Amino acid sequence: MLDSGQSLFIAISVLLITLQVGINHLQLRNKSKEEVERITAERKAWVKRHPYLTMLLIFLPMPVAIFLENVLTGKSDERNISYRSDSKEIEYD
């Protein structure tokens, strides 16, 4: 199953997506169809003018979340794994 960090990350992600959809809906709530189409066309034009910034804004939250969860919380791998070749017992038939 999911641990508490993953569950919290999923919950916050759903909350932020819901918030973004709500903000977009409120922004276009009392607009006419022509105004909505104009705003949408302006957004599409901005995305075409700034493709790298758009990708950065889309994909930046995941590396930041990974950094915060793994580096700042001090999680370490508690497994004791030995990769020494002399400790492996290989049987040949």
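Arg 38 and Glu 42 form a salt bridge, with 3.0 Å between the closest N and O atoms. A salt bridge here is a side-chain nitrogen of Lys or Arg within 4 Å of a carboxyl oxygen of Asp or Glu. This is a predicted model: local features need pLDDT of at least 70, side-chain atom pairs count only at pLDDT 80 or more, and totals for chains, interfaces and linings use all residues. Residues are numbered from 1 along each chain as its sequence is written, and side-chain values use heavy atoms, with hydrogens and water left out.

**Fold and confidence**

- The order of elements from the N terminus is α-α-α-α.
- Mean pLDDT, the predictor's confidence in each residue from 0 to 100, is 78 for the chain, and 68% of the residues score at least 70.
- Confidence is highest in H2, at a mean of 91, and lowest in helix H4 (residues 61–72), at 69.
- Where pLDDT is low, the predicted coordinates should not be read in detail.

**Salt bridge**

- The whole structure holds one salt bridge.
- Arg 38 and Glu 42 lie four residues apart in helix H2, so about one helical turn separates them.
- Arg 38 is partly exposed, at 43% relative accessibility; buried means under 20% relative accessible area, exposed over 50%, and partly exposed in between (1.4 Å probe, protein chains only).
- Glu 42 is also partly exposed, with a relative accessible area of 43%.

**H2–H3 packing**

- Helix H2 (residues 33–49) packs on helix H3 (residues 51–59) at about 100°, with the axes 5 Å apart.
- That makes the two helices, H2 and H3, roughly perpendicular, a class that spans 65 to 115 degrees (under 35 is roughly parallel, over 145 roughly antiparallel, the rest oblique).
- Axes are lines fitted to C-alpha atoms, for helices over the stretch in contact, and angles run from 0 to 180 degrees between N-to-C directions.
- H2 contributes Trp 46, Val 47, Lys 48 and Arg 49 to the contact, and H3 contributes Pro 51, Leu 53 and Thr 54; contact means heavy atoms within 4.5 Å.

**Burial around Ile 39**

- Buried residues make up 3% of the 93 residues in the chain.
- Ile 39 sits in helix H2 and counts as buried, at 11% relative accessibility.
- Leaving aside residues up to four places away in sequence, Ile 39 touches Leu 28 and Lys 31.
- Leu 28 is eleven residues from Ile 39 in sequence and 8.8 Å away, C-alpha to C-alpha.
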